[in-house]
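Good morning, and thank you for joining this group meeting. Please turn to the sequence and the model that I am about to show.

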Amino acid sequence: DKTYVGELNRNVHFLGSWGVSFVAPNGEKLRVPFRTKKENAMPPGFLAKRVDFDNYLFQKVKASSLVHIMEETEIRQYRREGNEITAETKDGKTIQAKIVVACDGAYSGLSKSVAGLSTEPAHNCFGLRAYYEGVQELDNENFIELHFIKDMLPGYFWIFPLPNGQANVGAGIRADKLTDKKINLKKAFEKVVYENERIAPRFANAKRLGDVRLFGLPLGSKKRKLSGSNYLLCGDAAQLIDPFTGEGIGNAMMSGWFASQQIQRCMKSNDFTEKFMAQYDKQLYHRLWSELQLSYRMQQLVNYPSLFNFVVRKANNN
């Protein structure tokens, strides 16, 4: 929607981005633009701190007269009661609904207690993130950077430019590899920042802003059941993160769109059963599964540094 793209382009908390750079273990860089840059065209992508993006979305919802928002309301547990799902809040109140859309992230209470989803080390990633200012040699078109460093494979180290000369810097690696290789992710991250011959010079005058944050990234490298009677799972709660890039926002937004379509069908048909809800899974995976499979194959490719170097070199020549 051009209206929203224009809003983001004018918003001081968002930074326009034109592409992504993949840096192979041997240091060779592959620059992939989101699209060919056109004069006076608005950027095809935007970068922001998560708190600013979440607030942007929340204010959009808050402005709608059709939405009732309960702020400062912590849900402690979910349970099924007849043909509805009941949510119990921290202060003892209960909320009943014919449809619950779980958008509560990687540690979703509903995904575990009602949908029965669990994370698997081979399809889960641990990541950490810190904000910095003063990182040198950021891309002049604000390309995001994914560095596939040999000691962190099949994970990667990232640098994403942000407004006001800041950067989102982090690292992630698949949970099973983290255990098998006995890697301390924070120490591995700091080793890259302070010791890596290509990365460390760029942080010589950089200052970290705030703490390093650790989080889980449930990967979409395996098909899962994303709906059931009276519920739909979206975003990280549906474990839809791209296995190669670790990106989750796009797939989360896409799942939200398909969820809205399914809710309309349910309300129109007055049907909230598991069988009827399955249309959501079918449509969402029809849109995303081939992309997720490709990303999973790319994730497996980076287990072989020499082969990944070869692929990047061939891509640069084509």
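First, a word on conventions. This is a predicted model, in which local features need pLDDT of at least 70 and side-chain atom pairs count only at pLDDT 80 or more, while totals for chains, interfaces and linings use all residues. Residues are numbered from 1 along each chain as its sequence is written, and side-chain values use heavy atoms, with hydrogens and water left out.

Let us begin with the rings. Rings of Phe, Tyr and Trp (its six-membered ring) pair if their centres lie within 6.5 Å; planes under 30 degrees apart count as stacked, over 60 as edge-to-face and the rest as tilted. How many aromatic pairs does a search of the whole structure find? The search finds 12. One of them is the stacked pair of F148 and F244, with 5.2 Å from centre to centre and 10° between the planes. F148 lies in the loop between β10 (144-147) and β11 (156-161), and F244 lies in the loop between β15 (231-233) and α6 (249-269), so this pair ties together parts that are 96 residues apart in sequence. Helices (H or I, at least four residues) and strands (E, at least two) are DSSP runs, numbered from the N terminus.

F244 has another ring partner, F308: the centres are 6.4 Å apart and the planes stand at 75°, so that pair is edge-to-face. Because F308 belongs to helix α8 (residues 305-316) and F244 to the loop between β15 and α6, the two join parts 64 residues apart in sequence.

F148 is buried; F244 counts as buried at 9% relative accessibility, and F308 at 2%. Ring pairs link F22, F148, Y156, W158, F160, F244 and F308 into a cluster.

Next, charges over rings. A charge sits over a ring if NZ of Lys or CZ of Arg is within 6 Å of the ring centre and within 35 degrees of the ring normal. R31 lies over the face of F143, 3.8 Å from the ring centre. The charged end of R129 is placed over the ring of Y131, at 4.1 Å from its centre.

We now come to the strands. Two strands pair if DSSP finds at least two bridges between them. Strand β12 (residues 166-174) is mostly covered, with nine of its nine residues buried. In a regular strand the side chains alternate between the two faces of the sheet. In β12, Q166, N168, G170, G172 and R174 point one way, and A167, V169, A171 and I173 the other way.

Which strands pair with β12? β9 (residues 124-133) runs antiparallel to β12, joined by nine bridges, and A130 stands opposite V169. β11 also pairs with β12 in the antiparallel sense, over six bridges, with F157 opposite A171. β11 and β12 form a hairpin with four residues between them, and N164 in the turn has a positive phi of about 65°.

Finally, Q239 lies in the loop between β15 and α6 and counts as buried at 5% relative accessibility. Its contacts (heavy atoms within 4.5 Å) include L117, P218 and R224, not counting residues up to four places away in sequence.

Definitions and conventions:
Buried < 20%, exposed > 50% of the residue type's maximum accessible area, 1.4 Å probe, protein only.
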